[in-house]
Amino acid sequence: MKLRHRLRAYAIEAVIGLGLAALVVVVAWTSSGEVPFVYRGL
Amino acid sequence: VIDRLLALFERVHFSPSWASLARIAAWFVIGVLAIDLLAPDKRPDLTADRYNAAAPDPWVRSITAPRGDPRGFTPTTNDDVFKIAWVGGSELQSIGNGVYTFLPIEVRKQIPQVDGRPVSIDMYFVSGMRLADEYAAVLAAIDNDVDAIVISLNPVWALNDLAVHGWDNLDPAVARDLLTRPGAWPVAASLLGPGDLLWGVASAADVIDDRYQWGVRIHDNVSELSLIDDPAPEPSGADPEPLSELDQIRAMTIPVEFWGRYAPTVDPTEPLAVRQAALFERSAQSSPINDAILDLIGDAVSATDIPTIVYTAAVNDEVLADPAIATHVEDIERRLGEHAAAFDADNVRFDPTTIGRRAPGMVFNDVLHVGELGPLAEVMAGDLCDLFVDSGLTPECEPP
């Protein structure tokens, strides 16, 4: 695999991992208490 | 969806592998930790708590977060104080004659110091506390490394299977605590879910643990925002239509509201006295889940060396004087007494008899809720002083 492709793959992995972390925090903050958009099923 | 994602990845020359999955997981952990570092820690404001505002005391306070907050309890510092954890529900309150106070506040006046340290009482006070909530509070108190524990068993609810579990926001912490208590796993499987365990473990990160407070803040900021123009309906002047029976059930928030109305033991149209008798009768019957949780509470405190008193809250003298109900109360006391083995430890005092029998002259607002404590605080203070002396401590006991 070309170095350029490998670096791009690493970047995609980082974006997915960090994006999931942000998503989990947002879901956590909006799934508790008196929040209107409740995702308790998650 | 997965096929499409893989096709998309292929187009940008990205071929996912197990190694890339591991790296994504690593980035995920790094991301959560980074947000945890960047977001400031939140802490519930105990002085804003409505019970603390109604009965302010520098040495005694409720440490219970609002219903829905998974942090559950916010203990105060143990530094340079003798910390007592007092676990109980609404039976701890005394409301009457313009006075609002708590039993622990009045007891603390009679035991200001132990071993030269000022007594500080954290009340694990849960309004509408049911037995599973009580177990959660006891586990939290043990985790918080307190110097003594006082547990109030509510005779109406301790053995009543109509409402075992009221505050499900306490569940994540319980799920995490029970990982190391395999004896409690059958009860955990009955009351908790996998999500509770996941949230409980994830709460190690403050940014997850504080999610209720963040959620309330977000709610305050966005609740007025809407893309939908939805004006309030004009008042028609006519009485609103009464809710259907199904809608009334839908509006219920905790199981006891349902069972209070549809309890199989009594017709809801019967007079109050008859329904109260039925409530006590229900508590006097066998309930395996309550029995199991009560034993777990006993096992938990017996496994520590923390001086502990487990007492049965007082019931109205009029209840005890009514032969139709008194017999059920005696059955409840007998059934509680059958759990003595679980509380059999040098550091634990367990009394299945309602403490009101030793504190005549109390005034009640109903069968259980106290209007005037009468001699109860003195009786409790005496019991605590005896326990502390027997535990090798030096309490400063001041009679009223």
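Biologist: Why is B:F343 called buried?

Modeller: A residue is buried under 20% relative accessible area, exposed over 50% and partly exposed in between, using a 1.4 Å probe and protein chains only; B:F343 has 2% relative accessibility, and therefore counts as buried. The structure is a predicted model, in which local features need pLDDT of at least 70 and side-chain atom pairs count only at pLDDT 80 or more, while totals for chains, interfaces and linings use all residues. Side-chain values use heavy atoms, leaving out hydrogens and water, residues are numbered from 1 along each chain as its sequence is written, and chains are lettered from A and ligands numbered from 1 in the order in which they are written.

Biologist: What makes B:W86 and B:Y311 an aromatic pair that is edge-to-face?

Modeller: Rings of Phe, Tyr and Trp (its six-membered ring) pair if their centres lie within 6.5 Å, and the planes decide the name: under 30 degrees apart is stacked, over 60 is edge-to-face, and the rest is tilted. This rule gives nine aromatic pairs over all chains. The rings of B:W86 and B:Y311 lie 6.5 Å centre to centre, with 80° between their planes, and the pair is edge-to-face. This pair links distant parts of the chain, with B:W86 in strand β2 (residues 82–88) of chain B and B:Y311 in strand β8 (residues 308–312) of chain B, 225 residues apart. Helices (H or I, at least four residues) and strands (E, at least two) are DSSP runs, numbered from the N terminus. By the accessibility cut-off, B:W86 is buried at 0%, and B:Y311 is buried at 5%.

Biologist: Why is the pair of B:F343 and B:F350 called stacked?

Modeller: The ring centres of B:F343 and B:F350 are 4.3 Å apart and their planes are at 5°, so the pair is stacked. As for B:F350, a relative accessible area of 18% makes this residue buried.

Biologist: Which residues do ring pairs link into a cluster?

Modeller: The cluster consists of B:Y51, B:Y100, B:F102 and B:F125.

Biologist: Why are α5(B) and α14(B) called roughly parallel?

Modeller: Two packed helices are described by the angle between their axes and the distance between the axes. Here α5 (residues 131–143) and α14 (residues 288–302), both of chain B, pack at an angle of about 10°, and their axes are 10 Å apart. Axes are lines fitted to C-alpha atoms, for helices over the stretch in contact, and the angles run from 0 to 180 degrees between N-to-C directions. Angles under 35 degrees count as roughly parallel, over 145 as roughly antiparallel, 65 to 115 as roughly perpendicular and the rest as oblique, and α5(B) and α14(B) are therefore roughly parallel to each other.

Biologist: Which residues of α5(B) meet which residues of α14(B)?

Modeller: From α5(B), B:L131, B:A132, B:E134, B:Y135, B:V138, B:L139 and B:I142 meet B:N290, B:I293, B:L294, B:L296, B:I297, B:A300 and B:V301 of α14(B), where contact means heavy atoms within 4.5 Å. The residues of this contact divide into twelve nonpolar, one polar and one charged. For these classes, Ala, Val, Leu, Ile, Met, Phe, Trp, Tyr, Cys and Pro count as nonpolar, Asp, Glu, Lys and Arg as charged, and the others, Gly among them, as polar.

Biologist: How do you know that α13(B) is roughly parallel to α16(B)?

Modeller: Helix α13 (residues 272–283) and helix α16 (residues 323–337) of chain B pack at an angle of about 20°, with their axes 8 Å apart. That angle makes α13(B) roughly parallel to α16(B). The contact joins B:A273, B:A277, B:F280, B:E281 and B:S283 of α13(B) to B:I325, B:H328, B:V329, B:I332 and B:R335 of α16(B). Sorted by class, the contact has six nonpolar, two polar and two charged residues.

Biologist: Why is B:D80 called exposed, and why does B:D115 count as partly exposed?

Modeller: B:D80 has a relative accessible area of 66%, and is therefore exposed, whereas B:D115, at 36%, counts as partly exposed. B:D80 sits in the loop between β1 (60–62) and β2 of chain B, and B:D115 in the loop between β5 (113–114) and β6 (117–125) of chain B. Most residues other than glycine have a negative phi. B:D80, which is not a glycine, has a positive phi of about 60°, and phi of B:D115 is near 55°.

Biologist: How do you know that B:T308 is buried?

Modeller: The relative accessible area of B:T308, in strand β8 of chain B, is 0%, and B:T308 is therefore buried. Apart from neighbours within four places in sequence, B:T308 is in contact with B:I149, B:I151, B:V301, B:N347, B:V348, B:R349 and B:L387. Over the whole chain, 48% of the 400 residues of chain B count as buried.
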